Amino acid sequence: MRNLLLPFLALIALSASAQSKPVNILFICVDDLKPLTHSYGDPHAITPSLDRLAARGVQFNLAYCNQSVCGPSRYNLLVGARSTTLGIYGFGRDFRTVFPDAVTLPQYFKQHGYTAASIGKVFHIGHGLYDDAASWSRPPIYGQIIEYLLPESTDGGKLTREEALFGNIRSSLPHDQLVRGSAWECVDVPDNAYSDGRMATEAVRALAEFKRTGESFFLAVGFARPHLPFVPPKKYWDLYDPAQLSLAANPHPPKNAPDYALKRLMELNQFSQASGGPPLSEELQRKLIHGYYASVSYVDAQIGRVLDALEEEGLAENTVVILWGDHGYSFGTHGDWTKHSNYEESMRIPVLFAGPGIARGEQTSAMFETVDFYPTLAALAGLPAPAGPQPLDGKSQVPVLRDPARAVVRDHVYHAYPRNRPRSGGEWLGSAIRTPRYRLVVWQPFKDPRQAPDIELYDYVADPLESENIAADRPEVVAELRALLAQEPPPRAPR
């Protein structure tokens, strides 16, 4: 009898050992990715890898960034604090100059015995920002955000404006005398000819190493596309007919909205094809939208390689996989392109979770902020609730991940964007809340927050395209939402 029990007891011990092994984290960050996948309902997107991930996890349909620009948004994620908490709204200011002892999300996992590794774009590097050595167990592996293969894309191989900014390159020429690079490139080359393909290869290698060593890992993998320039290999351009792609349904500014709330081109006009400024021709609009879709399919294929490796190495069952786009993206809605605003196209992001302890094949209308990742991942890994020392603004979304149809953690999300108005008191902040139905934006100057604000209100049931600011017509809704906004911590002035 004793001999018969031995295999059974060994099986129980093996099962207990497997259950006690810490949950791994694979965090996939995609630069400039809006909710443009087939699983999010886009009729054109060819995204089988992201759709597969959504099918085995939970998709948040009302997820929002805290600020729609790369550097601050990544600080929101990695530090767990909103821009309004950090007082960092732009580039050139490291979060450790504000909170020198802050414990970042990967650093928190490192403190609990995980190997924290970074491949590709995770922290924003460039524009005077650099990586954070304390966050990682090993030196990060970097990709390239601005990358060309054709000399004609850079006026014969010259340093471009965006290459200088993203590479933290000091040039002997003033920035406005550097050449504008091309906004796209279409070359018949293998996937690894561009950085995202190489970063996927590095991620596959890292997963094989973690399998070999048995280390518990927090692996962050950041992909550059669909950030400008749109440079996916030709086969991804060939997936789409640009004539079939949709132009912006509402290219006009919202009626009654403050002019300064809009952004126009800004980032886009750093590239040669858009240097003439708005309005953009229909042909150019279609080319840019085509390039974005092709870039999404290219990065989807690279993500697929990483997900395949996770399964092939036998790590999928014990790994939480997250997909996050750092902010939204506009294709000419309101005349705006790219991001840098408080409007829906800039703010709404894709968020997917899959893995142990998470429902499968579910979509939820529960609201989610970027800062929610920090406490959510700690809870999924069974770690103690993080407590700083920096202020943490997130809420754990584990109840939603376990019961997506019924659980609600937030009744609104908060976000903000600043605008410089030299003739009107310097820099103004648009503090906003988004509920399932409304968005309220309250614009006030940092220097005198008692000044009468400019207010925007949009009703996404009656007006999903944000065609009219109805704040003046709905004072009762404005009052209700301002009371919600007043519950949020007051924003810090820029540091």
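**Aromatic pairs and the overall fold**

A search of the whole structure, which is a predicted model, finds 27 aromatic pairs. One of the pairs is formed by Tyr236 and Tyr298, whose ring centres lie 5.4 Å apart with their planes at 55°, so the pair is tilted. This pair links distant parts of the chain, since Tyr236 belongs to helix 8 (residues 234-237) and Tyr298 to helix 9 (residues 282-312), 62 residues apart. Tyr236 and Tyr298 are both buried. Elsewhere, Phe27, Phe60, Trp324, Phe353, Phe368 and Phe373 form one aromatic cluster.

The protein as a whole can now be considered. The protein contains 13 helices and 13 strands. Its radius of gyration is 23 Å, close to the 23 Å that the globule rule gives for 495 residues, so the protein is as compact as a globular protein of that length. The C-alpha trace spans about 85 × 55 × 45 Å along its principal axes. Among the contacts with a separation of 6 or more, 72% are made by residues 24 or more positions apart.

The division between interior and surface comes next. Of the 495 residues, 59% count as buried. The accessible surface comes to about 19,700 Å², and carbon and sulfur atoms account for 54% of that surface.

Pro72 is found in helix 3 (residues 70-79). Its relative accessibility is 1%; because buried means under 20%, Pro72 counts as buried. Apart from its neighbours within four places in sequence, Pro72 is in contact with Gln67, Ser83, Ile88, Tyr89, Gly90 and Phe91. Glu480 stands 408 residues from Pro72 along the chain, and the C-alpha atoms of these two residues are separated by 29 Å.

Thr333, by contrast, lies in a loop, the one between strand 6 (330-331) and strand 7 (337-338). Thr333 has a relative accessibility of 13%, and therefore it too counts as buried under the 20% limit. When residues up to four places away in sequence are not counted, Thr333 touches Ala248, Asn250 and Glu345.

How values were computed
Residues numbered from 1 in each chain as written. Predicted model: local features only at pLDDT ≥ 70, side-chain atom pairs only at ≥ 80, totals over all residues. Heavy atoms only, no water. Helix = DSSP H or I, 4+ residues; strand = E, 2+ residues; numbered from the N terminus. Rg over C-alpha atoms; globule rule 2.2 N^0.38 Å. Buried < 20%, exposed > 50% of the residue type's maximum accessible area, 1.4 Å probe, protein only. Contact = heavy atoms within 4.5 Å. Areas by Shrake-Rupley, 256 points an atom, 1.4 Å probe, with all protein chains shown as cover. Phe/Tyr/Trp six-rings, centres within 6.5 Å; stacked < 30°, edge-to-face > 60°.
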